[in-house]
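Grab a pencil and keep a viewer open. Below are a few exercises, each followed by a solution that goes step by step.

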Amino acid sequence: MQKTNKYLMLSILMWMVIVLFMWLANWRTERHAVIQSAHLTADGAIVRDLLFRRWNATHRGVYVPISEHTQANPYLNHDPRQIIVTTSGDSLTLVNPAFMIRQMHKLIEDSLSEFAHITSKHPIRPENAATAWELEALEAFEEGAKNYSKIITLDDEDYYFYMLPLMVEKSCLACHAHQGYEEGSLRGGLSSTIPLKNLYGIRSEHNRSTAFSHAMIFLIGCAGLFYGYTNIRKSMEKRATAEKLLLEKQYYLEKAQEVGEIGTWELDLATNQLFWTDENCRIFGVPEGSLVSYEIFIEKVHPDDRVYVKNQWEKALQGVPYDIEHRLLIGEEVRWVREKAEFVFDEKGHLIKAVGVTQNISQRVSNEKQINEVNASYQSVLKTSLEGFWICDMDGCLLEVNETYAKMSGFERNELLKMQIRDVEALQSESEIDDNLLLLKQEGGGIFESAHRRKDGSQFEVEVSVQYREQGDGQFIVFIRDVSKRKLIEKGLRDSEFLLRESQRVSGIGSYILDIELGTWESSLELDSLYGLQEDSVKDISSWLNLVHPGDREMMQSYFLVDVLQSNESFDKEYRIQRELDGVECWVHGLGKLEYNDDGKPARMIGSIQDISNRKEREAEKALLESQLQRSQKLESLGTMIGGISHEFNNILQGIMLYGGLIENEAPEGGEVHQNVLKVISQAKHARKIVRQILTFSRNRNTEIKSVFLHEIVIEAIEFEMASLPANITLQQEVDLNGPRVYCDRTQIHQIVINLINNAQYAIGDSGGTITVSQRTIAQADKRSKNSSGEVELRISDTGCGIDADLLEKVFDPFYTTKPPGEGTGLGLSVIHGIIEMMKGRVSVESEVGKGTTFRILLPITDEINESSHLNVVKQSNPKGFVLFVDDNVGIREAAEAILTSEGWNAEVSKDGKEALAMFKANIQKFDLIITDQSMPEMTGIALTRKIRTLDRTVPILLSTGELGIDEKREFRGTGITGFIQKPWTADELIARIREIDFD
C-alpha cells in the first residue's frame, strides 16, 4: 500500500511538472504574440507612412489654404514655390511630404497613442533630431541592418520601437538635394512607437485564463490519478489471490482546439473549374472572386506535397474518402490546410462535381508542434493503460479514444473517432443516453455499469467512470473497464449459489455450521425453511433441542452429547422435528462432521439436514403395498386351489342332482322317499350356489367385460332392494344420472350392489339407520384417479355398528365373516374383491366402530360402445331322435343316458372328445343333437365342436360347463355352439334347456 501511495505522489508531481511546462510554453507563446502583434502594427504604420511620403514626394507636395492650423513651413523658405496666389486671389502654401506626415502623426498620436517619427543624423527640422535609440538604429542601418526594433520605456510604460531605413529616392531630392544627399543613399529612418499597455492587458487576461484552465487540468488530472489509484488499490485488495494487475492511469492533455478559417469550394469535373468562396480565396492568396482551375490549385500546393495531393485526389475519384492535410506555399509563407470533399452524382450515377471545404490549420499545426512532445508521453501512458479512455462532448460524439478501448471494441481508433456513444452502447436507447449525459453534467460525473457492442456485434460488460468538465460546451472524461471476466466469475458464483440453493430446496437438504465452543449455529435458507425458523429465531443448541420432537428429544440429547461429542463420532441420525412456525411434524436425517481445535477438542461441526418425510411416507406405503401384495398372493393361491376343488366338486354335485332326479321321478309322489330325495336335491342346489361363489372368487370365470352405464345398474339394484327393506331403514341415493360408461359385468355389478346393501342392512340391525348409495365421476386431473381416462366412484355407506380397526384388513379374506355360524359363508366380500379386480377396478373399505362403514368401488371409464353379437342358433324340428352325450365322468354319462332315454331320445354316450368325433364321423347323418362337456382330457368341448362343424354345420350342439358366464365369453362366439347349460344341472334343467332349442 505504501508503494502505491509513493507511485501516486510521484505521478502527481510528474503531472504538475508537465502542466507547469505546458503553461510556461503557452506563456512564452503569448509573450511572443504580443511582440508580433506590436511589430505588425508598427510595420504597417511605417509602410503606410512611407507610402504617403512617397506619394507626396512624387507629386512634390500639395497646396492648401493658409490657416491657423496650417502655416507656411519655415523650413521651405528657400523654395520660391512655397507660397502661391490663385487667380481668385487666395494664398496657398506648399505642404511638403514631411509637413503632411507630421500633421497625420499628430492625429494618430492623439487618437491611438502611437508615435511615428522620421529622423536622420542631419535633419532639416530640429524636432526630427534622432533620439538615443534612433541613433542606435541609424548606426545599425549604416552597418547594413534591414530594420531595427526594441522595447523602450517612456514615462514608466513599455513601448515597442520599430524603425526602417529611409533611402533617398529621386523624388526626395526636390526637398533634400540642398543637404548633399544623393539618390540611393541613407537619408535617415522612419520609426513607429507602439504602446504595449493594451497588449499587455490582453496578454495578462489571457494568461490568467490560461493559468486557471491549466490549474483545472492539473486538478482534474489529480482527481483522475486519485480515482485511478483508488481503483487500483481496491482491485489489488479484491483480487489479491486471483490476479495481480499493475494499472497506471494518467490523463493526457487534450489537443489544442482547432482554430482557423474555413473556406468552401466546388469543382466542376466536366470543365475542371473551381468555384471558391472569398475565404477560400484568402487562404490560397488569390483575389476574391477569382475563377480558378484545378491546375491553379495544384500550383498553390507546396512542391513537396503535390504528388501526395494528386495521388489522394485520384484515390478519391475511385471512392476513397478525401480528407487530407497538406501545405500551401503562398509567396514565401507556408500555410497548413485541411481539405475534405464529397462527390455529387447525377440521376444516372455519373460523377459530376465535388464539393469540399478547406481549413487553414497553420495555427493548429504550430500549437501541435508545441504539445506533441507532451502528448507523446501521454499517448504512451494511454496505450499501456488497462482501461479504455474517452473524451466526448454533450452530444455523445467521441472526441478522443485510446488504443486500449479500440482493442476492447474491435474498432479502429479512427473509426471510433467518427462515432457516437449510441453506436457502441448496447443497453440504453438514444433518449436514455441523452438523459444520462444531462444527469452526469448536473452531478459532475458518476460511476455505472453497462454493456458495449463490439465491431463483430458481440457485447461485453463494462464499468464506466465519468467526470464532467466545463470546456467549450462541456466535455466528459470517461474511463471504461472491461468487467466481462469479473461478471462471468460473479455469475459463476451466483449460479453456484443458486444451484446449491436449488439443489438443497429440491432435495430438501439444508446445511449448517455449529460452533460448539459458543454453542451457536448458522444455517442455510433451506434449513431455516425446513425448521420453520423466522428472522429473529434464536440459533443455539437449546433452540435446536426444542425443535426436536418431544418423543425423540431425550434420545437426541443423549446421542449428541455421548455418541457424538464424547465419542468423537460423526453425526448420522434420523429423527423427528416439530417446525417452529406451524408445529408440523417432519422426519429429518442429520449428518455432521466434527472439526477440532489445537487442543484436540471438538470446536465446530459442519453438516447437513435432509427432509426425509416423503421417504418415510413411501416406506410406509411400501410396507402397506407389500402387505396388500401378500394378501393378494394369498387370495390368488387360495383361489387357484379352491377353483380346482370346486371343479371336481361340481362333477360330484352333478351326479347327486342327476341321480336324485331319477329317484324323484320313480319314487311315489308324497312318499317319504320322494320327500327325502327333494331335500337331497335342495341341498345339492344350495351347494351348487356355494360352488358358483367359490368359482367367482377363484376367478376361474373369465367374465365378459362390457361397456355399460353404471348408474343404470345401480338404479335397478336400488329399486330391487327398496321393496324388501324394513321401515326403520332409509335408503338414500346420490347417483349421477349423466355418468360415463365403465368396463364391468352388468350382472355381477348388480349382484355386488345388492350384496353390499344387504350387508349394510345387517350391520344396522333392528336399531334402524340410513344406507346411502352414491356415484360420482373422478376426472383424470384428480390425483386419486389412477386411470388415464378417469374413474367412476361407487360408495355404499351405512350408519351401522362399524368394524373394529384390527379387523378391517381381514374383511376381504375368504371364509372370514362377522355373522354368527349358519348366517354367512364368509365368501361374499372376497368374491366382490375378486370380481372388481377382474374388472380392472379397486375396492376399499372405511369403518369406525359405532359410526358406520363405507365400501368404495372404483371402475375405469371407457368411451367404447359394445358391438351386438349373438350365438349361432340352428333351427330344426324336434325329432327326439339320436343324441350323442359326451362327458369324462362315468356317473354323469350313465345318469344323463337314463334321463334322455326316459324323455324319448335314443341316447349314445362317449367318454371323451376323440371317441365322440370318431362316432360322429362313422355316421354323420345319424345324430340329431350333441351334448358335450367342456373340460375333458385330450380334446375340449369347443375343440370337438369345431371339428364337427367342418363336417356338419346344422346339427345342434349344447355345451355343458362349470364356468360362469360362458354364454358371454368372446372365445366361444363363432365356434358353432348352439347353446350352453351351466353345471351342475338337474334333469329338469337339462330337458328344459333342450326344449329351448329351435330344431325347425
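**Exercise 1.** Is Ile656 buried, partly exposed or exposed?

*Solution.* First, some ground rules. This is a predicted model, so local features need pLDDT of at least 70 and side-chain atom pairs count only at pLDDT 80 or more, while totals for chains, interfaces and linings use all residues. Residues are numbered from 1 along each chain as its sequence is written, and side-chain values use heavy atoms, with hydrogens and water left out.

Step 1: get the scale. Buried means under 20% relative accessible area, exposed means over 50%, and partly exposed is in between (1.4 Å probe, protein chains only).

Step 2: Ile656 has a relative accessible area of 36%, so it's partly exposed. You'll find Ile656 in helix H18; helices here are DSSP runs of H or I with at least four residues, strands are runs of E with at least two, and both are numbered from the N terminus.

**Exercise 2.** Which residue forms a salt bridge with Arg481, and where do the two sit?

*Solution.* Step 1: the rule. A salt bridge needs a side-chain nitrogen of Lys or Arg within 4 Å of a carboxyl oxygen of Asp or Glu. By this rule the count comes to 34 salt bridges.

Step 1: the partner. Arg481 pairs with Glu387, and their closest N and O atoms are 2.8 Å apart. Arg481 is in strand E18 (residues 475-482), whereas Glu387 is in the loop between helix H9 (362-384) and strand E14 (388-393), so the pair links distant parts of the chain, 94 residues apart.

Step 2: the setting. Arg481 counts as buried at 14% relative accessibility, and Glu387 is buried too, at 4%.

**Exercise 3.** What span should helix H23 have at 1.5 Å a residue?

*Solution.* Step 1: do the sum. The expected span is 1.5 Å times one less than the number of residues. For the 13 residues of H23 (residues 890-902) that gives 18 Å, and the end C-alpha atoms are 18 Å apart, which agrees.

Step 1: check the ends. At the N-terminal end, Asn889 is the cap: one of its side-chain oxygens lies 3.0 Å from the backbone nitrogen of Gly891. Just after H23, Gly904 takes a positive phi of about 100 degrees.

**Exercise 4.** Where does Asp887 lie, and is it buried or exposed?

*Solution.* Step 1: Asp887 lies in the loop between strand E31 (882-886) and H23. It counts as buried, at 1% relative accessibility.

Step 1: Beyond its neighbours within four places in sequence, Asp887 is in contact (heavy atoms within 4.5 Å) with residues including Ile892, Arg893 and Lys983. Of these, Ile892 and Arg893 are among the buried residues of H23.

Step 2: a polar atom of the Asp887 side chain lies 2.9 Å from the backbone nitrogen of Asn889.

How values were computed: A polar contact is a pair of N or O atoms within 3.5 Å; within protein, one must be able to donate a hydrogen and the other to accept it, and residues adjacent in sequence count only if both atoms are side-chain atoms.
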